[in-house]
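Please read the following alongside the sequence and the coordinates, taking the overall layout before the surface.

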Amino acid sequence: MTESVSTEKVAMQSYEIMVIVRPGLGEQKTLEVLGEIKGLISSNGGKVTAEDLWGTRDLAYTIKKHDQGYYAVFNFKLEPTKLQALNKPLNLNQEVLRYLITKTPEGYTLVTLEQYAEEAAKEEEEAKKKKEDSAKKKVVKQSVEKAQVVEKKVEKKESKPKSSESEDKLKDIINDPDISL
Amino acid sequence: MPAYKGRKCFFTENNITYIDYKNIRLLKKFLTKYNKIVPKYYTGTTLKRQKQLSAAIKNARTMALIPFTK
């Protein structure tokens with residue numbers, strides 16, 4: 001049993017790496033750095049399957065006194081035992097501010113930043129439409145309510161003379177000389 | 001921040017099985033205005049997805065996509 005396992009080829013696992021490269025290196029140098037990282041993966045028997053360059057963008061907080069960073073994402077396949085070998089060179093690389101290696105599930109395809117942006121734009125449009133629709137409904141509701149209020153007012157006006165009638169009666173009673181208060 | 005009443009797990013409703021740390025817009029739905037993770041008793045997220053979600057948010061934080069605090 002154990003022999004058959006050892007002779008079997010170790011299954012490749014799919015991973016994803018995100019790197020933040022120091023900004024202000026110039027296009028050529030950043031691409032060189034990224035090429036080094038890709039070379040590192042392939043030299044360990046891995047295979048880069050997909051890549052997405054985000055470009056320079058603002059960091060949520062400063063890292064090593066940098067406000068911006070060049071983001072890049074690679075999907076690659078590698079034997080799990082070889083994964084540790086990536087850490088040391090990446091840590092030693094002065095141009096790499098930070099990196100993150102994650103496992104990706106089976107059947108995962110890289111979703112690029114552009115696709116997420118498109119999704120976000122679509123969602124926003126839908127939200128806008130919903131808002132407009134609800135606003136229209138509100139306007140209709142308000143107009144209906146206004147009409148009801150007007151009707152009520154009319155009713156009130158009609159009811160007013162009644163009260164004046166009762167007042168007249170009261171006055172009559174008060175002014176009646178036969179009744180002493 | 002989703003409402004407390006009538007809450008339902010966002011991920012089971014939309015058949016999302018893998019929560020990507022790169023999808024910042026999605027993650028921000030589950031953060032308060034001080035960038036804290038909203039508890040699952042407010043959002044209605046199932047335990048499994050909440051664990052994945054918090055891991056994704058923490059990954060996004062280390063990569064400076066989302067701030068830690070405000």
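In chain A, the domain assignment, whose bounds come from an automatic or database source, places domain 1 at 8-104 and domain 2 at 123-176. The centres of domain 1 and domain 2 of chain A, taken over C-alpha atoms, are separated by 68 Å. This is a predicted model, in which local features need pLDDT of at least 70 and side-chain atom pairs count only at pLDDT 80 or more, while totals for chains, interfaces and linings use all residues. Residues are numbered from 1 along each chain as its sequence is written, chains are lettered from A in the order in which they are written, and side-chain values use heavy atoms, with hydrogens and water left out.

Chain A holds four helices and four strands, which are DSSP runs (H or I of at least four residues for helices, E of at least two for strands), and from the N terminus on their order is α-β-α-β-β-α-β-α.

The radius of gyration of chain A, taken over C-alpha atoms, is 38 Å, whereas a compact globule of 181 residues would have a value near 16 Å by the rule of 2.2 Å times the number of residues to the power 0.38. Along its principal axes, the C-alpha trace of chain A spans about 125 × 50 × 35 Å.

Of the 181 residues of chain A, 26% count as buried, that is, under 20% relative accessible area with a 1.4 Å probe and protein chains only. Among the contacts in chain A (heavy atoms within 4.5 Å) with a separation of 6 or more, 74% join residues 24 or more positions apart.

Terms used
Buried means under 20% relative accessible area, exposed over 50%, partly exposed in between (1.4 Å probe, protein chains only).
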